[in-house]
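Colleague: Please show me the model, and then we can go through the contacts between its chains.

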Amino acid sequence: MNCDECQEQVFELIEREAIDPEGVRELLERCPECRASFEEVKEALRSVAALAVEEPPAETDAAILRAARARSAKVAPRRRKWFQSPQWAVAAVALLAVGVGVWSIPRGEEAAMNSASPGQREPAVDTQTAGRAHDKVEIADAPAAVVVASEVAAVDLDSRLAVAGSSGPGSPVPPPQPRAARPKRKAMHDAEAPVAKEASASAPMATEARRAFVAGPSAEVVALEEDSGEPVAKKQGKAMSAE
Amino acid sequence: MGDPSDEALLSGYREGDAAAFEALLGRYRGPLFSVVLRSVRDRGRAEEIYQDVWMKVIERCDDFRGDAKFSTWLYTIARNLCIDHQRKMKFRLHASLDQPQAGSDRAIAARAPNPGPSTEALAAGGLLRERIASAVERLPDEQREVFLLRQLQGLAFHEIAEVVGVPANTVKSRMRYALERLQRTLRDWEEHDEL
C-alpha cells in the first residue's frame, strides 16, 4: 500500500469500513504524512459530532399521528381475522341451524307415523312428541358434544333398565324414571329391544296393545263374531267400503 | 427480546397497529427533521416537507418492499421531496434575483453578504454548533446529503449509496470531501475570530 491509498482509506479506517485496515495501520505507524492526514480526519469528525439534532414541532407530529390513526381505523376492521368477521359468524350459525333442521326431519316423520297408530297409543304419542319438542329446543341450544353424550347416556340407561327388568326388585339399579326426552337413535333401539321398552314406563299402553294382539281376540270380539257369523274385521271393512 | 425492527413496526402498522407507527415516528423524528432542515435551510419549509414525508409513508406503506430497509426507503422519500423543493426554489430564486429590488439598482445576488452565522446567534451560545450547522449548509448538495445521512442518521455507506443512487465508493469520497471542506471552513472562522 502506498501513501495515496493509505490516505484514501484513513476515513474508512475510522468509520470501520476500510478494505485493508491492517495495511493502513502499518503505514500510519511508518509515515508521518499519513499519520497527519489520519489525525486531521479524526479531528474533523470530532468537530462535526457537535452538530445538533433538531426537533420538529409537537403539533406537526400530532397531525402526522392523527393521519396515521385515521388510516389504522380504516384498515383494522378490513384485515380482521376471517373467523372474527360478523358475516362468517352469521354463516356459521345459519349452517348449524340448517344442520339441526335436517337432522330433526326424520324424527318429525316418525312422530307423524306414531300419531297415526290406534287410539290407545295416542296419549303415549302425545307425550313423546311433547318430549321431542322439548328435545329440539335443548339440542338446538346444546353443543354437538353434549347431544352425543345425552344419546350415549340414553342407550346406557336402556340397557340398565333391561337388566333391572330381568333381575327383579332386589337389583341395585335404581327404578326406571319416566323420560320425556328421546333422541332418534333411542326410538330405533326400542324397536330392536322390546324387552327393554316394556321396562320403560313411558309406553305402558302400547305394551298392553301388543300383548292383546299376541293373546288373540278378546271375549267381546268373539261374542260379536258368533252373533253375526263373520269376523269383526270383515264387518268393519264392509262398513268402510259402504261409506 | 430486543426492540422490534423498523420493518416489523411498519408491518404492524400496515395491519392497523397505530402504536407501531408511533414507535417508528419516535425513532426517526429528530434525525429526519434535522436532515430535511439542513437540506432546505428553512424551518417552515422543513416542517412542511417533514410532514409530507410521513404522509407518504402512511399512504404508501403497502408498497414497501420487504427486501429493503425502512430507513433507506424513508430517506429516499425525504430526499426526493427535498429535491422537488429545491428545484422549485431555484426557479423562484432565478426569477427574483434577476430582478432589481425596489429602491436599489442592484440585484440581490450582486450584494449577497458572506452568509456566516449571525453575531446574535454566536453570542447566544452554542457557538460551535451554530458554526458547524452553518458550515454544513454551505456544503455542495451532493456532499451535504451524504454527510447528513451519515452523521445524523448513522446510515452505512452502502445504505446511503442506495438512497442517493451512486456507488458506495462515491459515497465515501463525498463524505471525505465534505469533512475536509467543513474542517477548512471552521478553521477559517477561527482564524477570523483571532483577528
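Modeller: This is a predicted model, where local features need pLDDT of at least 70, side-chain atom pairs count only at pLDDT 80 or more, and totals for chains, interfaces and linings use all residues. Residues are numbered from 1 along each chain as its sequence is written, chains are lettered from A in the order in which they are written, and side-chain values use heavy atoms, without hydrogens and water.

Colleague: How many residue pairs are in polar contact between chain B and chain A?

Modeller: A polar contact is a pair of N or O atoms within 3.5 Å; within protein, one must be able to donate a hydrogen and the other to accept it, and residues adjacent in sequence count only if both atoms are side-chain atoms. With both residues at pLDDT 80 or more, the count between chain B and chain A is 13 residue pairs.

Colleague: Which helix gives the largest share of the side of chain B that touches chain A?

Modeller: Helices here are DSSP runs (H or I, at least four residues), numbered from the N terminus. On chain B, α1 (6–14), α2 (18–40), α3 (43–60), α6 (127–137), α7 (141–151) and α9 (168–194) each supply at least two residues of the side that touches chain A. The largest share, 11 residues, comes from α2(B).

Colleague: Which residue of chain B forms a salt bridge with A:Glu55?

Modeller: A salt bridge is a side-chain nitrogen of Lys or Arg within 4 Å of a carboxyl oxygen of Asp or Glu. By that rule, six are found across the interface of chain B and chain A. For A:Glu55 the closest N and O atoms are 2.3 Å apart, and the partner is B:Arg29.

Colleague: How much area is buried between chain B and chain A?

Modeller: Contact means heavy atoms within 4.5 Å, and 45 residues of chain B are in contact with 35 residues of chain A. Buried area is the accessible area (1.4 Å probe) that two parts lose on being put together, summed over both. Carbon and sulfur atoms give 61% of the area, which is about 3600 Å².
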